[in-house]
Amino acid sequence: MEQLQNYIAGIWQKSETADYLDVINPATNDVLAEVPLSLADDLDRAVTAAAEAFTSWRRIPATQRIQYLFKLKTLLEDNRDTLAKTITEECGKTLKESQGELQRAIENVEVACGIPTLMQGVNSEDIARGIDEMMIRQPLGVVGVIAPFNFPAMIPFWFFPYAIACGNTCIIKPSEKVPQTMQQITALIHQTGLPAGVVNLVHGSKTVVDALLDHRTVKAISFVGSSPVARYIYSRAAKAGKRVQCQGGAKNPVVILPDADLEMTTRIVADSAFGCAGQRCLAASLAITVGSVKADFVDAIAQAAQQRIVGNGLDEGVQMGAVINQGSCDRIQSLIQTGIDEGGKLLVDGRNPNVSGYAQGHFVRPTLLQDIPAEGEIAATEIFGPVLGLLHADTLDDAITLVNQSRWGNMACLFTNSGAAARKFRYEADAGNIGINIGVAAPMAFFPFSGWKESFYGDLHGQSQHAVEFFTQTKVVVERWPKEWSRQF
Ligand code: NAD
């Protein structure tokens with residue numbers, strides 16, 4: 001069985017730890033590899049390597065730094081199929097979903113290649129007679145990226161291409177549940193010839209994360225994961241004096257008005273709720289029907305849920321894969337029971353499915369819970385599985401009130417044919433990512449990923465200009481060159 005290694009100072013290194021976790025294929029329960037739960041000493045070595053590399057890396061012109069990213073883009077494209085297979089094997093999603101995830105990763109590399117323009121400063125001539133002022137952007141130093149399990153390739157790319165293009169060096173800590181994808185991507189990074197220590201990969205869980213948060217040399221932390229951990233990371237890293245951005249969990253509502261195109265809306269909402277087995281921070285998890293559309297939408301979505309083909313994401317024709325592990329399966333099924341206990345009607349029951357050929361796999365089929373109480377636990381809890389709660393409101397105003405009473409604010413969507421309704425929703429809904437006739441309002445790489453409320457702790461988000469601002473510090477220079485000093489010219 002392969003034991004994964006850390007990548008520190010450009011060399012693959014065995015962790016000091018004796019503690020390894022099995023990496024599981026969620027569709028088969030086969031063990032794919034063993035991942036080390038690295039120690040604080042492993043992390044310290046990586047930070048030392050990154051700090052040493054920073055001194056020379058920041059002096060390399062941005063136009064040359066991005067050449068490594070151009071090479072990485074080509075290598076990612078050339079290895080797309082192998083990487084997609086690895087994502088599906090360790091994460092459970094379908095091959096098509098894995099391909100889509102990789103595309104999003106590549107797009108972030110493309111945007112980060114624009115750093116020579118994106119990190120330009122500003123200047124003002126003659127702020128006083130003969131005095132000029134400029135603001136330049138400089139890198140921070142060593143930065144840390146901590147990623148969740150559900151997008152093993154894409155999420156580190158919301159941060160690290162921007163971080164290194166801006167002249168920082170970094171430590172990436174992938175999820176211990178899906179460590180192989182970044183392991184393979186790091187091998188591609190090595191092939192680009194990137195100087196040793198600029199990107200380091202350290203596997204593990206809480207021990208290495210805490211060591212990263214507390215390390216005096218680390219200047220900034222980018223985190224994506226569940227909200228309780230996001231909150232913990234945000235406060236612990238801030239206490240250690242670091243710049244922090246933490247993207248957390250979600251409970252995303254979609255509102256359906258009577259004038260929406262029913263066929264298109266149903267297809268899009270089903271894809272949003274059940275795509276990636278509901279394990280997306282932008283998955284629809286509450287559908288709020290307004291007025292007369294209720295009966296028709298409920299019938300249509302029930303049909304879509306029942307028809308979804310569930311199985312091993314590697315198999316042809318499969319539309320929804322497994323959830324990440326047995327613990328997740330148990331948690332999702334127990335939350336479905338909570339929904340029933342609270343008075344919800346189990347319209348489609350996806351618990352304990354029989355997935356032919358994969359008796360050991362961790363599957364939950366699409367599930368619909370109707371008329372759940374708006375104030376109840378299930379309407380407020382992130383399930384992170386293929387479960388859609390159905391609520392009803394008499395008017396768009398009532399639906400927006402339901403949307404805004406949530407403590408989450410990652411995404412809110414509206415399905416309608418009315419421009420006026422769309423504008424009202426866009427204006428009034430309290431969420432950082434808004435979809436109008438869109439089910440997964442995932443920002444492209446050239447926009448920030450804008451979670452709000454308990455879905456985000458910090459101010460600057462991942463991707464695009466926000467990432468550039470996060471990974472640089474501004475320096476203001478005020479200059480005077482008296483005339484008499486330049487007489488010789
Ligand atoms: P998680 O919070 O369990 O783990 C995320 C990372 O934190 C992992 O690398 C893990 O090793 C580390 N970690 C976990 N517990 C820790 C602890 N107590 N102390 C220190 N480090 C710890 O999240 P997950 O289950 O891997 O991912 C799913 C969650 O991520 C969902 O809540 C989902 O909504 C969220 N997510 C959010 C976004 C977003 O952009 N807002 C995107 C993807 C996923």
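## Exercises on salt bridges, burial and a helix face

The side chains of Lys-93 and Glu-101 meet in a salt bridge at 2.7 Å, N to O. A salt bridge here is a side-chain nitrogen of Lys or Arg within 4 Å of a carboxyl oxygen of Asp or Glu. The model is predicted: local features need pLDDT of at least 70, side-chain atom pairs count only at pLDDT 80 or more, and totals for chains, interfaces and linings use all residues. Residues are numbered from 1 along each chain as its sequence is written, and side-chain values use heavy atoms, with hydrogens and water left out.

**Exercise 1.** State whether Lys-93 and Glu-101 are buried or exposed.

*Solution.* Apply the cut-offs: buried is under 20% relative accessible area, exposed is over 50%, and partly exposed is in between (1.4 Å probe, protein chains only). Lys-93 is buried. Glu-101 is buried too.

**Exercise 2.** Find what the salt bridge of Glu-16 and Arg-45 ties together.

*Solution.* Start with the contact: the two side chains meet at 3.9 Å, N to O. Next, place the residues. Glu-16 lies in the loop between strand S2 (11-13) and strand S3 (20-24), and Arg-45 in helix H1, so the pair ties together parts 29 residues apart in sequence. Helices (H or I, at least four residues) and strands (E, at least two) are DSSP runs, numbered from the N terminus. Last, check accessibility. Glu-16 is exposed at 52%; Arg-45 is partly exposed at 31%.

**Exercise 3.** Describe the span of helix H1 and where its buried residues fall.

*Solution.* The buried residues of H1 include Asp-42, Leu-43, Phe-54 and Trp-57. Seen down the axis, the buried residues fall within an arc of 165 degrees, so they line one face of the helix. The arc is that of the directions from the helix axis to the C-beta atoms.

**Exercise 4.** Trace the salt-bridge network that holds Lys-206.

*Solution.* Begin with Asp-210 and Lys-206, whose side chains meet at 3.1 Å, N to O. Both lie in helix H8 (residues 206-214), 4 residues apart, about one turn of the helix. Asp-210 is buried at 13% relative accessible area, whereas Lys-206 is partly exposed at 48%. Now extend the network: Lys-206, Asp-210, Asp-214 and Arg-236 are linked by salt bridges. The structure holds 18 salt bridges.

Notes: The expected span of a helix is 1.5 Å times one less than its number of residues.
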